[in-house]
Structure formats: structure tokens, C-alpha cells
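Good morning, and thank you for making time for this presentation. Please look at the structure while I speak.

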Amino acid sequence: MRGEPARDPNGTRRSTVLIETPEGICTGAIVGPDLVLTAAHCVSARGRYRVRYLDRSFRRVNVAVARTAAHPGFDPAHGFASDDVGLIQIARPFGSDARPATLPSAGWGVSWFSGGATGEELIIAGFGSTERSRARDGVLRETLMRTSEPSVPGRGFAGLTGGEGQNRTGMCVGDSGGPVYRREGRSFTVIGILKGGTTDPGRECTSTPIFVPVRDYVGWLRQTAASWNSTIGVTGAVEMRQ
């Protein structure tokens, strides 16, 4: 909501993907040569999935999905279920135009945020709609937000806020599963997975989104990747090519 289209070929474009699900679209982050991190509620339906990433000219590249996994603690029947973390393996590795984001190696878990660490500037990115109409979804947009108290406290979530009054930014339908990035120079770390939040009046968007801190699930992600004979990055910086 009120985000700007991504234009930097060395920015969020390299690691943010669109996910076509049986129930609509979601967003995800590349975290390995053939792995996408997203929300569990984005991989809980039965049916066909497909991933689309963007090349350096922002053209879509389609790849088939080999398998999906939702965290075993996720309950799809609960509207604000905890453990809303999912992983996708595509049928072939991403091309050289894509680059995995790193995962946090320390801090950034829910206990870090619940300790009162608010106001950190982060980037959210997604392919969702911008207003109540979904006619404009499918375009990668990004915006700056800051950490805040979660709108649904006590369930392992962290909150975000951005802007003031009528200019508040946020997430919309189709942004679910998308990354919350921390950028340091040319490196991007995905510290959260967008989950949703209480929608604003008259909209399918929320200016108070909540996200699942990735740090709390690094062990499960690594274990799942290993069971698929794949690898997932956890530490180290990702240098963006000029």
C-alpha cells in the first residue's frame, strides 16, 4: 500500500518472487539456489504452484515448483496462527540474475522485538495489490517501514508501521509471505515474513502489518532444506552487482 515500484536491478528485485498458489498470489524471498521462503498459509492449499522471479530487465521468468512445506506447528484453521512459515523448492535452480537474501545469524527473533526494540527502519517488498481493487497486483513494489508493537500481540509476531495519516504505507492482498528486509549497504537480510494484520476501514490493506521473525525458524528451515538435498544461506553478506 502506497509503495513504489522497484526499479533498482540490484535491489529487492534480485531476491523477491511472486508465488502463484491455488488460492491466488503470494510473495516470497529467495534464500537458496532453489529455495523460496514464504508464509505457511501461502503453501497450505492443495493444487498447482508456480514461482515467478524478475531478471535484470524486470521481465518475469517462470519456474515450476517441485515441493512445498509448511511449518508443522502452523494451524491453517486459526486466523492468526503462529508458526506461519513455509518453504518452497523449485524444479531447477534460479538463474544468475537472482541472488538469495541472507538469513539473520543473531538477534531479530520475537524476543528481541518484544524487548522494546522499536523504530528500526526496514524494507518490505511484495507483488500484491495497492488498494481495494486487485487490478494492479503482480508488480513488485517496496516501501520503508519501522518496527512497532504488533497489532496482534502475544503470538510470536512483530509489528510494523509507516507514514502518518492518509500517507501511511503497508501491505495488501498478495503481499503475504513477502520479505521484511534489513539493508546494510548492498546486502539484504530477510529478518521477517509478512503475515497480515487488521485491515484498514474500507480496504483489503493494512497499515499495521505483522510479520514472523525468521530468526526463530532458522533451525527448521535448515533441516527442511537438507531433507530436500538443498542448502540455505544463514550468515554472510550478499554483495549486489553494479
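This is a predicted model: local features need pLDDT of at least 70, side-chain atom pairs count only at pLDDT 80 or more; totals for chains, interfaces and linings use all residues.

Let me begin with a question: which side chain does a polar contact join to that of Thr189? The partner is Thr102, and the contact between the two side chains has a length of 3.0 Å.

Thr189 has its place in strand S13. Is Thr189 buried or exposed? Its relative accessible area is 16%, and because buried means under 20%, Thr189 counts as buried. If we set aside residues up to four places away in sequence, Thr189 touches Thr102, Leu103, Pro104, Val180, Tyr181 and Arg182.

In general, nonpolar side chains of soluble globular proteins tend to be buried together. In this model, the largest nonpolar core holds 49 residues. Which of them touch the most other members? They are Leu37, Val51, Phe94, Leu103, Val190 and Leu221. Apart from this core lies another, of 12 residues, which includes Ile124, Ala158, Met171 and Val180. As for Leu221, its contacts beyond four places in sequence are Leu37, Val85, Leu87, Leu103, Val214 and Ile232.

Next, I would like to consider Phe127. This residue lies in the loop between strand S8, residues 121-126, and strand S9, residues 141-148. Why does Phe127 count as buried? Its relative accessible area is 1%, and the cut-off for buried is under 20%. Phe127 and Thr27 are 100 residues apart along the chain, yet their C-alpha atoms are separated by 6.1 Å.

We now come to empty space. Such space is found by rolling a probe the size of a water molecule over the atoms. The largest pocket has a volume of about 610 Å³. It is lined by 30 residues, and the closest to its centre are His41, Val173, Gly174, Ser176 and Lys195. Which elements give two or more residues to this lining? They are strand S3 (24-32), strand S11 (171-172), strand S13 (187-196) and strand S14 (205-206). The largest share, three residues, comes from S3. By type, the lining of the largest pocket divides into 12 nonpolar, 12 polar and six charged residues.

How many cavities of 30 Å³ or more does a search of the whole structure find? The search finds one, and the volume of the largest cavity is about 110 Å³. Of the 15 residues that line the largest cavity, Met1, Gly126, Arg141, Gly170 and Asp175 are the closest to its centre. S8 and S9 are the elements that give two or more residues to this lining. The lining of the largest cavity divides into five nonpolar, seven polar and three charged residues.

Finally, a word on the backbone. Most residues other than glycine have a negative phi. Arg2 lies in the segment before strand S1 (4-5) and is partly exposed, with a relative accessible area of 29%. Asp83, which is not a glycine either, has a positive phi of about 55°. Asp83 is found in the loop between strand S6 (60-70) and strand S7 (86-90).

Thank you for your attention.

Methods
Residues are numbered from 1 along each chain as its sequence is written. Side-chain values use heavy atoms; hydrogens and water are left out. On a 1 Å grid over the protein atoms alone, a cavity is a set of points where a 1.4 Å probe fits but cannot get out, and a pocket is an open set with protein on both sides within 12 Å along at least five of seven lines; lining residues have an atom within 4 Å of a point. Grid points are joined across faces, edges and corners, and a volume is the space filled by probe spheres set on the points. Helices (H or I, at least four residues) and strands (E, at least two) are DSSP runs, numbered from the N terminus. Ala, Val, Leu, Ile, Met, Phe, Trp, Tyr, Cys and Pro count as nonpolar, Asp, Glu, Lys and Arg as charged, and the others, Gly among them, as polar. Buried means under 20% relative accessible area, exposed over 50%, partly exposed in between (1.4 Å probe, protein chains only). A polar contact is a pair of N or O atoms within 3.5 Å; within protein, one must be able to donate a hydrogen and the other to accept it, and residues adjacent in sequence count only if both atoms are side-chain atoms. Contact means heavy atoms within 4.5 Å. A nonpolar core is a set of buried Ala, Val, Leu, Ile, Met, Phe, Trp, Tyr and Cys residues joined through side-chain atoms within 4.5 Å.
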